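Thanks for coming. I will take you through one structure, part by part, and stop at a few local details.

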Amino acid sequence: MKQSHLFTKTQKENPAGEISINAQYLIRAGFVDKLSSGIYTFLPLGLRVVKKIQDIVRNEMDALGAQEILMPSLHPKENWETTGRWDVEEMYKIDGEPYGLGWTHEEIVTPLLKKFILSGKDLPKAVYQIQTKFRNEPRAKSGLLRGREFVMKDLYSFHENQDDLDDYYEQVKEAYFKVYNSLGLGEITYLTLASGGTFSKYSHEFQTITNAGEDIIYICPKCKLATNKEVFDGKCPQCGSTNLEEKKAIEVGNIFKLGTKYTAPFAFNGQNGSPLVMGCYGIGITRLLGTVVETMNDTKGMIWPQSIAPFAIHLIQIDGGDESVAPKGEELYDILQKEGFEVLYDNRGEKTVGEKLNDADLIGIPLRIIISKKTLAEDSVELKERKEEKSSLVKIKELVNQLKENAK
Ligand code: ATP
Ligand code: MG
């Protein structure tokens, strides 16, 4: 994509009233626009990142044998009255109408699957969606970390018995870590014991260490298991160690053994007449985007991991008034695209060198390539990784091979 074509612009000043780093950088760089507290538009650069996170999550869900669906956002009151959850504070209700906006989907997915699962032969089954959730969040002040409207992946599984659920639950746990590893968050994301449901002592959260987080967790350095402050009483529940580390963290996912909590009210029963056993598993897609920004940045801007960067390469043309540079830049842009690299090409004529480099740092694409009169004098371009200080000159005719080598 040519930067001259991008309709969004970067902003020098921090947006007023935004205290979180993710909101400041994402707004300044033109990844998102704030419509209202906790409500954001995803702009071209931001949407590319959202889609990449979704694809990583989707691949892991498909690998679990779960089938993707898309459920409605508009929910009939009746479904929520069946479980007694119509009157919860999260729910946005449509004034004067028997509808509310979906903040989770147990009340929709349970009667849905009941229509299709007719015998034990149809079990187990798992479905998931990547969809917009609405929640009346009183504390929407952390940018994408806590939205009133946000994107979640929610997976639901249905089983004939507890053993089968337990088995699947462990597989989901592993899949979740694959997701966090792919995003470069694996090292700072902890499996965390949290308040359980009706059928298990604990549920599990996946908590990423960041000062922007709203949760306090206690990490056991021995077994790497963490415990949420809400259920913490003294020592590590796994190994008994008392030497735990207190950290601020943000919940980037959670998994829950629901048992028969929702299958019972909807009379979703198995062969033996008793309700099926259910699990639910969430990942905050847009919260993850915000978490990556919170944990991967410096004073100049964001530093995207390759896996979800909006573009792999930021090609910057600096002509210094020399008309011979631009055609060479165009040529290189075409070559890189034909070779399959995703390139943002800063071909803007009206910007100074300083403005272009500042924008590149702010936007945070992992690799920067500068083509200028100076580099062309040596038949070269200048290569610099966003996270490194030093740059290097590479001959243009060796560039593609070197990039392919690096990508391995
Ligand atoms: P929290 O305790 O942070 O409010 P939650 O327990 O309400 O989270 P769930 O209902 O389990 O969260 O939702 C599943 C996932 O969706 C969470 O793990 C989180 O990553 C994400 N999520 C929850 N609420 C929000 C929100 N308001 N904005 C963005 N993401 C959210
Ligand atoms: Mg919540």
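**A walk through the model**

I start with a loop: alanine 267 sits between β13 (245-259) and β14 (277-284). What you see on the screen is a predicted model. As background, most residues other than glycine have a negative phi, and most peptide bonds are trans.

From leucine 123 to proline 124 the bond is cis, and omega is near -5°. Proline 124 belongs to the loop between α4 and β7 (125-134).

Now the overall layout. How is the chain divided into domains? The assignment gives domain 1, residues 8-298, and domain 2, residues 313-407. Their C-alpha centres are 39 Å apart.

What do the two domains share? On the contact count, 11 residues of domain 1 touch six residues of domain 2. The size of an interface is often given as the accessible area lost when the parts come together. Here domain 1 and domain 2 bury about 690 Å² between them, with 54% of that on carbon and sulfur atoms. On the domain 1 side, Thr10, Leu45 and Asp298 lose the most area to domain 2, and together they make up 43% of what that side buries.

Next, charged pairs. Side chains of opposite charge can pair when their charged atoms come close. Three salt bridges are found across the interface of domain 1 and domain 2. Aspartate 298 is also in a salt bridge, with arginine 386, at 2.7 Å from N to O.

For the model, the count of salt bridges is 26. Another one of them joins arginine 85 to glutamate 106, with the closest N and O atoms 3.1 Å apart. This pair links distant parts of the chain, 21 residues apart: arginine 85 is in the loop between α3 (77-83) and β5 (92-93), and glutamate 106 is in helix α4 (residues 106-116).

Last, a helix pair. At what angle do α1 and α6 pack? Helix α1, residues 21-28, and helix α6, residues 285-295, pack at about 95°, and their axes are 8 Å apart. Angles from 65 to 115 degrees count as roughly perpendicular, so α1 and α6 are roughly perpendicular to each other. From α1 the contact uses Ile21, Asn22, Tyr25 and Leu26, and from α6 it uses Leu289, Gly290, Val293 and Glu294. By type, the residues of this contact are five nonpolar, two polar and one charged.

That is the end of my tour.

Definitions and conventions. Residues are numbered from 1 along each chain as its sequence is written. Chains are lettered from A and ligands numbered from 1 in the order in which they are written. This is a predicted model: local features need pLDDT of at least 70, side-chain atom pairs count only at pLDDT 80 or more; totals for chains, interfaces and linings use all residues. Side-chain values use heavy atoms; hydrogens and water are left out. Axes are lines fitted to C-alpha atoms, for helices over the stretch in contact, and angles run from 0 to 180 degrees between N-to-C directions. Helices (H or I, at least four residues) and strands (E, at least two) are DSSP runs, numbered from the N terminus. Angles under 35 degrees count as roughly parallel, over 145 as roughly antiparallel, 65 to 115 as roughly perpendicular and the rest as oblique. Contact means heavy atoms within 4.5 Å. Ala, Val, Leu, Ile, Met, Phe, Trp, Tyr, Cys and Pro count as nonpolar, Asp, Glu, Lys and Arg as charged, and the others, Gly among them, as polar. Domain bounds come from an automatic or database domain assignment. Buried area is the accessible area (1.4 Å probe) that two parts lose on being put together, summed over both. A salt bridge is a side-chain nitrogen of Lys or Arg within 4 Å of a carboxyl oxygen of Asp or Glu.
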